[in-house]
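Reader: Hey, can you walk me through this one? I'd like to start with the side chains.

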Amino acid sequence: MGTIRVFKDPLKPSTSPITSSTSLTETINGSHQFKISGYSLSKGMGIGKYIASDTFVVGGYAWAVYFYPDGKSAEDNSTYVSLFIALASEGTDVRALFELTLMDQSGKERHKVHTHFGRALESGPYALKYRGSMWGYKRFFKRTLLETSDYLKDDSLLIRCCVGVVKSHTEAPKTYSIAVPPSDIGKHFGKLLEGGIGTDVNFEVDGEKFAAHKLVLATRSPVFRAQLFGPLKDQNTQCIKVEDMEAPLFCACKTYRADTDDVKAPFTMFGAALFIAQKIMVLLKTLLHFIYWDALPDMEEFMGLSSKGVSTLMAQHLLAAADRYALERLKLLCEAKLCEDVAINTVATTLALAEQHHCFQLKNVCLKFVALPENLKAVMQTDGYEYLEESCPSVLTELLHYVAKNNEKSFIASGFGSETLLDGSDGNGRRVKQRMH
């Protein structure tokens, strides 16, 4: 059986898709207003001498206006004033359109204008070859006429310069797009929580219940996923009793005075008998708010308290809760908040938290803060430091390292040890062991 071959007609055009592009040449425009005050005092400065404006940038190049009160050319014998625009930065074949305008200051708007814009140019845009290249007029205006005109007011002239730098670029066909707003899924989930529609699990704190959705909890937290759907899930997945959410270190601290920011011992922010239950309720509500909204509420508005110390305490508690339920974004938000609010009375507590919950960036911030000579003594007198000594002795070793590093810097800065001689002895004749690098 023979093979049939089909031959294409070589004269027939290809059916491959046709692409296109467009070269677009346009001007990048900018303007500068140059005021010359004390015109009469500038006269007589000499032919070829100029007054220059400040530089201004158009199209990626710097420009300046040059005004010659006695003219630029000796052959005119100071009969005319000269006006030029000059390239003030490096450039090669910078093509541009120019406009120089001497402004009528009488309000009649009879300006004197020399322009490239809006008219056909036989040779195209003006090209400037190097820094200092100029375009303008040696005989811009006759001096005798200028000094009796409306262009001069209160011994001042006003000049406006427009520059249009010519640039070309090639464009492919544009793919048009429609602006898409940022994701608002958190808002929808938040409304779901607020409305209570379809809830199938309750958190119980001291007899009070907070409704939620198992699937949302499981999606956001691997701990809740295991607790509600894992092989070792709790027997009662309809109700989760919450008896404790705070980090253990707070139990070692004394009472926090809610009427002050002096947080020597941050814990009881709500009063005596009911503070534990109330604290856990606030923590749970804040945790659920984050799980659904993916953002923290306004803590002052949420809690009805405006103390900065209370806000710091909540961030400390939330950090522990975020670590417990593996909410990494919430954990980082709390770290960032505590990093901003590092203070004498709270830093030791925060440092202990950072150590216990593996927050290495926050830990380093706290160590550096405590190790500062002006902070160390005050921090050591706080209740939080006592707990830090008992529960995190390894951190104290790291703290000593930071203190030693600060002392070393202070020692070098004071000038000691900087006059080591070539024979290995210092200025007092003592032998110095050379450091190996």
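Author: Lys72 lies over the face of Phe84, at 5.5 Å from the ring centre. A charge sits over a ring here if NZ of Lys or CZ of Arg is within 6 Å of the ring centre and within 35 degrees of the ring normal. This is a predicted model, so local features need pLDDT of at least 70 and side-chain atom pairs count only at pLDDT 80 or more, while totals for chains, interfaces and linings use all residues. Residues are numbered from 1 along each chain as its sequence is written, and side-chain values use heavy atoms, with hydrogens and water left out.

Reader: And what sits over the ring of Phe140?

Author: The charged end of Lys112, 5.8 Å from the centre of that ring. Phe140 also belongs to an aromatic cluster, together with Trp63, Phe98, Tyr126, Trp135 and Tyr137.

Reader: How many aromatic pairs does the count come to?

Author: The count is 12 aromatic pairs. Rings of Phe, Tyr and Trp (its six-membered ring) pair if their centres lie within 6.5 Å; planes under 30 degrees apart are stacked, over 60 edge-to-face, and the rest tilted. Take Trp63 and Phe98: their ring centres are 5.7 Å apart and their planes at 70 degrees, so the pair is edge-to-face.

Reader: Where do Trp63 and Phe98 lie?

Author: Trp63 is in strand E4 (residues 61-68) and Phe98 in strand E6 (residues 94-102), so the pair ties together parts that are 35 residues apart in sequence. Helices (H or I, at least four residues) and strands (E, at least two) are DSSP runs, numbered from the N terminus.

Reader: Trp63, buried or exposed?

Author: Buried, with a relative accessible area of 0%. Phe98 is buried as well, also with 0%. The cut-offs are under 20% relative accessible area for buried, over 50% for exposed, and partly exposed in between (1.4 Å probe, protein chains only).

Reader: What about Phe141 and Tyr151?

Author: Their ring centres are 5.5 Å apart with planes at 75 degrees, so that pair is edge-to-face. Phe141 lies in strand E9 (residues 134-142) and Tyr151 in the loop between helix H2 (143-146) and strand E10 (156-171), so parts 10 residues apart in sequence are tied together. Both residues are buried.

Reader: OK, sheets now. What's the strand order in the open sheet of 3 strands?

Author: E12-E11-E13, with mixed pairing. Strands E12 (208-212) and E13 (239-241) are the edges, each pairing on one side only. Two strands pair if DSSP finds at least two bridges between them.

Reader: How many bridges join E11 to E12?

Author: There are 5, and E11 (residues 201-205) runs antiparallel to E12. Asn202 stands opposite Ala211 in E12.

Reader: Switching to helices: which residues of H12 are buried?

Author: In H12 (residues 373-380), the buried ones are Asn375, Leu376 and Val379. They cover an arc of only 110 degrees around the axis, so they are on the same side of H12. That arc is taken from the directions from the helix axis to the C-beta atoms. On the other side of H12, Pro373, Glu374 and Lys377 are exposed.

Reader: And what is Thr312 in contact with?

Author: Leaving aside neighbours within four places in sequence, Thr312 is in contact with Leu338, Asp341 and Thr346. Contact means heavy atoms within 4.5 Å. Thr312 is found in helix H8 (residues 308-324) and is buried, with a relative accessible area of 5%.
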